[in-house]
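Hello,

Here is the structure I promised to send over. Have a look at it first, and then read on for what turned up.

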Amino acid sequence: MGGGPAGAVAALVLARRGVHAVVLESHAAPEIKPGECLPPSLSPLLRTLGLEEALRVDGHLRSYGNRFVWGAPEPGERPFLAGTRGDGWHIDRRLFEERLAASARAAGADWRSGHRFVRCVAGTDRRWRLEAEGMESFEADFVADATGRPARLARRLGARRIRYDRLVGVAALLTSATPAADTFTLVEAVPEGWWYTAVLADGRLAAAFFSDGDLLPRSLLGAGSDPALWWRMLERTEETRARVLGHGYRSLGGLRILPAESSRLDTIAGDGWLALGDAAAAYDPLSSHGIGSAMGSGFYGGHAITDLLAGRDEARLAYLDVMQKAYGAYLDLQRRCYAQEDRWPDAPFWRRRHDPAYCLDRP
């Protein structure tokens, strides 16, 4: 259930291993999203899935590193050149998801777009009966929740969402007649949170401000979000303002509110089901783990499902172990990263992130 990166990769793995996989995707086509950077660490998985060359063919833009204003007013840089896995990629998210879906279909997955999941009921024969909008009900031996942070299936089966913070992004796509050629991702901390900008393959600039939802002005949230306020906040930055205004970027449409909190389910696998991607564990965008972790969980989850269907029950524990270790390492890294920004210790946003006991929902 869900045809984003996690669901698509799981379906691709299942189909290649001879399992009849059906994908229920609520949207008729991938949505337009503000942008995404694939780090070099994702290259081995892309190569394994046969997708690395597709990044070049589809015209995605190489990313050569990260620039940051974090912990000090002077910008720093971390080029990918210093690593061993090559460059990263700024992707056209919609085009990339279309490629993932096409790869899954080519492998034999039954992809059904425009069918929103309605109900899933366990039968007495250990099979699931599923219902979705616009199609007849059908049965499945195993179900995977790849519905993102809402985790629509897992929560109906009793799983509980544990949230570590209230982070949200207020994002815009910007356009310019003279777009920036610098493909470094830029992150800039400010007292109220932090800004992110990245150049996309078509020259547009993805720009987003991240803070806790309860700390943002109400006029930035909801259907009537105020672009003028967003721009005034951007103009109070240094490096972000220079990048945006220096190239004459202007808004392309309105603002989008993006859920960005760190959160996970208290259980991600049960009898005949498991959760993938953001449904299982969602990441702060600062970590650049989002799409890579989603694809990774789809990869391991697809193999786990295949093994479980073959009667190898230890596959469930193996999947749980991989996911738990990955998220534990992420939480430690996130704490250390936020601790490096200590210029505004009394600002509510930073005070929360410097508090080692801060967590909205206790595990």
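A word on burial before anything else: a residue is called buried under 20% relative accessible area, exposed over 50%, and partly exposed in between (1.4 Å probe, protein chains only). Please note that this is a predicted model, where local features need pLDDT of at least 70, side-chain atom pairs count only at pLDDT 80 or more, and totals for chains, interfaces and linings use all residues. Residues are numbered from 1 along each chain as its sequence is written, and side-chain values use heavy atoms, with hydrogens and water left out.

Now the backbone. Most residues other than glycine have a negative phi. A151, however, has a positive phi, near 45 degrees. A151 counts as buried because its relative accessibility is 0%, and it sits in the loop between strand 11 (143-145) and helix 5 (152-156). Helices (H or I, at least four residues) and strands (E, at least two) are DSSP runs, numbered from the N terminus.

S288 is not a glycine either, yet its phi is positive at about 60 degrees. This serine is partly exposed, at 34% relative accessible area.

Then the interior. A nonpolar core here is a set of buried Ala, Val, Leu, Ile, Met, Phe, Trp, Tyr and Cys residues joined through side-chain atoms within 4.5 Å. The largest one has 63 residues, and L38, L49, F96, V143, L274 and M295 touch the most other members. Helix 1 (residues 5-16) gives this core its largest share, 9 residues. Another core, of 21 residues, lies apart from it and includes V190 and W230.

Best wishes
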